[in-house]
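Please look over the sequence and the model before reading on.

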Amino acid sequence: MKQHWIDITQPFRNTIATWPGDTAFHFELAYLKEDTGSVNIGRFTTSTHTGTHADAPYHFDVNAPTIEQMDVNIYIGEALVINLTEYKEIRVEHLKSIDFREVKRVLFKLKKEVEIDRFPESVPILHPEIASFLKEKGIVLLGVDIPSVDPLDSKVLDTHHALYRNGIQIIENLMLQHVTPGLYDFIGLPLHIEGADGAPVRAVIRKIED
Ligand SMILES: Nc1ccccc1C(=O)C[C@H](N)C(=O)O
Ligand SMILES: [Zn+2]
Ligand SMILES: [Zn+2]
């Protein structure tokens, strides 16, 4: 029997954490049924990097593709959830013993607890050297449960660039605290927004029996 799909998306709500200085998320009802006579209609404002989202390469490289240009096949398929919550820095040596089981997508569980409404003071460091290692394993998508694959104060974004050079796309701010490591079906499609540097993703997984 097939397992149920599990939501691993941060809920958008008006208290959701924003990257410092960036546009806060805000949803409201713009028109009320009692006024229109027929329907409620909402509107929302958000940064493209709030909550669970995909980075387009254009986010950090002006000559690179924007989000609607990305192949949807990257964001659908089998994914391996890997527990790395014990480490403050992730290097190739921490990934060497993992059996990648021919998956093309990995989701790194880096935090024991994700606080949706509070921007973290620090995040584990993902060393850029992991990019070529993951490429050798055939990986095309890296998902993380932190706001950035680079240090929060980084201006050079070495890990973003290294991943891009190695053909690996990025999803940030997943929610993996209740997820057991292992093999899953994964769907995490970014919204089709023309010219965008990134877009919100609704990410779901379903356990694969082994
Ligand atoms: N929202 C921002 C506002 C200003 C400067 C950076 C950001 C980011 O989100 C960058 C982050 N390194 C990212 O991986 O998406
Ligand atoms: Zn981002
Ligand atoms: Zn990013």
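## Nonpolar cores

Setting aside residues up to four places away in sequence, L134 is in contact with L95, F100, V106, F108, I139 and I168. The structure is a predicted model, and every value below is computed from it.

L134 is also one of the residues with the most contacts inside the largest nonpolar core, together with L95, V106 and F108. That core has 31 residues. Several elements each supply at least two residues of it: β5 (76-83), α2 (92-95), β7 (105-109), α3 (130-136), β9 (141-144) and α4 (158-165). Helix α3 gives the most to this core, with four residues. Another core lies apart from it and has 22 residues, including A56, I171, V179 and V201.

## The zinc site

Which residues coordinate the zinc ion (ligand 2)? The donors are H49 through ND1, H53 through NE2, D55 through OD and E172 through OE, at 2.1 to 2.2 Å. Their spacing in sequence is H-x3-H-x1-D-x116-E. Distant parts of the chain are linked by the pair H53 and E172, which are 119 residues apart. H53 belongs to strand β4 (residues 53-55), and E172 to strand β10 (residues 169-172). Both H53 and E172 are buried.

A further zinc ion (ligand 3) is present, and D55 bridges it and the zinc ion (ligand 2). The two ions lie 3.3 Å apart.

## Around ligand 1

| Residue | Distance to an oxygen atom of ligand 1 |
|---|---|
| H49 | 3.1 Å |
| H59 | 3.0 Å |
| E172 | 2.8 Å |

On its own, ligand 1 has 360 Å² of accessible area, and the protein covers 76% of this.

Is H160 buried or exposed? With a relative accessible area of 1%, H160 falls under the 20% limit and is therefore buried. The side chains of H160 and E172 are joined by a polar contact of 3.2 Å. Not counting residues up to four places away in sequence, H160 touches D55, F60, S148, V149, D150, I170 and E172. D55 and E172, which H160 touches, are both donors to the zinc ion (ligand 2).

## Two residues with positive phi

Phi of E102 is near 65°, a positive value in a residue other than glycine. E102 is found in the loop between α2 and β7. Its relative accessible area is 81%, which is over 50%, so E102 is exposed.

L157, also other than glycine, has a positive phi near 50°.

Note on methods: Residues numbered from 1 in each chain as written. Chains lettered and ligands numbered in written order. Predicted model: local features only at pLDDT ≥ 70, side-chain atom pairs only at ≥ 80, totals over all residues. Heavy atoms only, no water. Donors = N, O, S within 2.8 Å, 3.2 Å for Na, K, Ca; no water. Buried < 20%, exposed > 50% of the residue type's maximum accessible area, 1.4 Å probe, protein only. Core = buried A, V, L, I, M, F, W, Y, C linked by side-chain atoms within 4.5 Å. Contact = heavy atoms within 4.5 Å. Polar contact = N/O pair within 3.5 Å; in protein donor to acceptor, adjacent residues only side chain to side chain. Areas by Shrake-Rupley, 256 points an atom, 1.4 Å probe, with all protein chains shown as cover.
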